[in-house]
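Subject: Handover of a structure

Dear colleague,

Please find the structure below, followed by a short account of what was found in it. I would be grateful if you would read the account with the structure open beside it.

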Amino acid sequence: MDSVRYDGERRGHRVPIALKILVAGGFGAGKTTLVSALSEVRPLQTEEILTGAGIGTDDISGVETKSTTTVAMDFGRITINDDLQLYLFGTPGQDRFWFLWDELAFGALGAVVLADTRRLADCFPSIDYFEQRGIPFVVGVNCFDDARRFSLEAVRRALDLDPDVPMVLCDARDRQSGKTVLISLVEHVARQRGEPVSTA
Amino acid sequence: MRTDLSEPRHEWLDDDAGPVVRPYTLTGGRVRPSADGVDLVAYVLAQPDPDLAAYPELHPEHRLLVELAGSGTPVVELAADLDLAVGVVRVLLGDLLVRGLVAVHQPPRATYLPDNDILKAVVDGLRAL
């Protein structure tokens, strides 16, 4: 479509670049908490419609007979500078909403998979998803107060992670801790491209 | 009358799903937006001084969209501000696009970012937060 532009400039009005980062993990792993801790605005919520009516139809016929519902997505924003914004999206927790992940993941910079050591297996599907699609990700091991502490190496073995996937201990409630996870993700993306960001 | 028992239960509908909605009333039943494929973080930018009076067929939500997009706003924020599902916003955006009232700027796909400067800026920016 002509009116959909791909350039970043129009009549001198600069349009910022928005980068998407996904926050995934099992139910209760702290996705919404992490997005809240990092977002500069109160985390926002939007909805996507779940409907079978969207396929190949452009009129009202049939729509009235379809049951339609929505699934909520949490998102937050971090403004890096005038030209650059990060958008964090918490992925819908349930497996059956995974088709929404494809929309979220399209063009995404990368993902944070939050792991809860009490329910480690809950993050396997997220790890599989990003591995299969070649989307760079890091694993944030969310340190819940009542969880036994495991060494990162033990968690890495349990998750059968590639050695180059960074793992970070984190507290999803803490902004500084969340920042560390995001930084390790961006550095990982840069390393994967063979252009490491200097760690100065 | 317990009509609900006679209807087959929809697989999506349970306590974990949201409320049942009729989101397409606003779109005149259209579910396939001409703005299909517009990214969640694509920036929508309204034309300067749009002449909305020339389009009496537009809904109040269309007009709000144009207003909110005055300084450039990502699709997902428009949806949150209007409290509308993203799919509905895409249909409304399609209406505005064909009338030339807004332009949509798709984000660059992260995999094609031209150089490392952007990643470095992100790391520096995060460190400085």
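Leaving aside residues up to four places away in sequence, B:Leu58 touches B:Leu52 and B:Arg63; two residues are in contact if their C-beta atoms, placed from the backbone, lie within 7 Å. B:Leu58 lies in the loop between β1 and α1 of chain B. Helices (H or I, at least four residues) and strands (E, at least two) are DSSP runs, numbered from the N terminus. B:Leu58 is partly exposed, with 18 other C-beta atoms within 10 Å. A residue is called buried if 20 or more other C-beta atoms lie within 10 Å of its own, exposed if 12 or fewer, and partly exposed in between, with C-beta atoms placed from the backbone. From B:Leu58 to B:Leu92 the C-alpha distance is 9.2 Å, although the two are 34 residues apart in sequence.

Please note that this is a predicted model, in which local features need pLDDT of at least 70 and side-chain atom pairs count only at pLDDT 80 or more, while totals for chains, interfaces and linings use all residues. Residues are numbered from 1 along each chain as its sequence is written, chains are lettered from A, and ligands are numbered from 1 in the order in which they are written.

Which residues of helix α1 (residues 60–68) of chain B are buried? They are B:His62, B:Leu65 and B:Val66. Seen down the axis of α1(B), these residues fall within an arc of 95 degrees, so they line one face of the helix; the arc is that of the directions from the helix axis to the C-beta atoms. They pack against β1 (43–46), α2 (75–82), α3 (86–98) and β3 (102–105) of chain B.

The loop between β1 and α1 of chain B also holds B:Asp49. Its phi is near 45 degrees, a positive value in a residue other than glycine. B:Asp49 is exposed, with 7 other C-beta atoms within 10 Å. In chain A, A:Asp160 has a positive phi of about 55 degrees and is not a glycine either. A:Asp160 sits in the loop between α4 (152–159) and β10 (167–170) of chain A.

Finally, on confidence, the model scores ipTM 0.80 and pTM 0.81. Chain B averages a pLDDT (the predictor's confidence in each residue, from 0 to 100) of 81, and 71% of the residues score at least 70.

Yours sincerely
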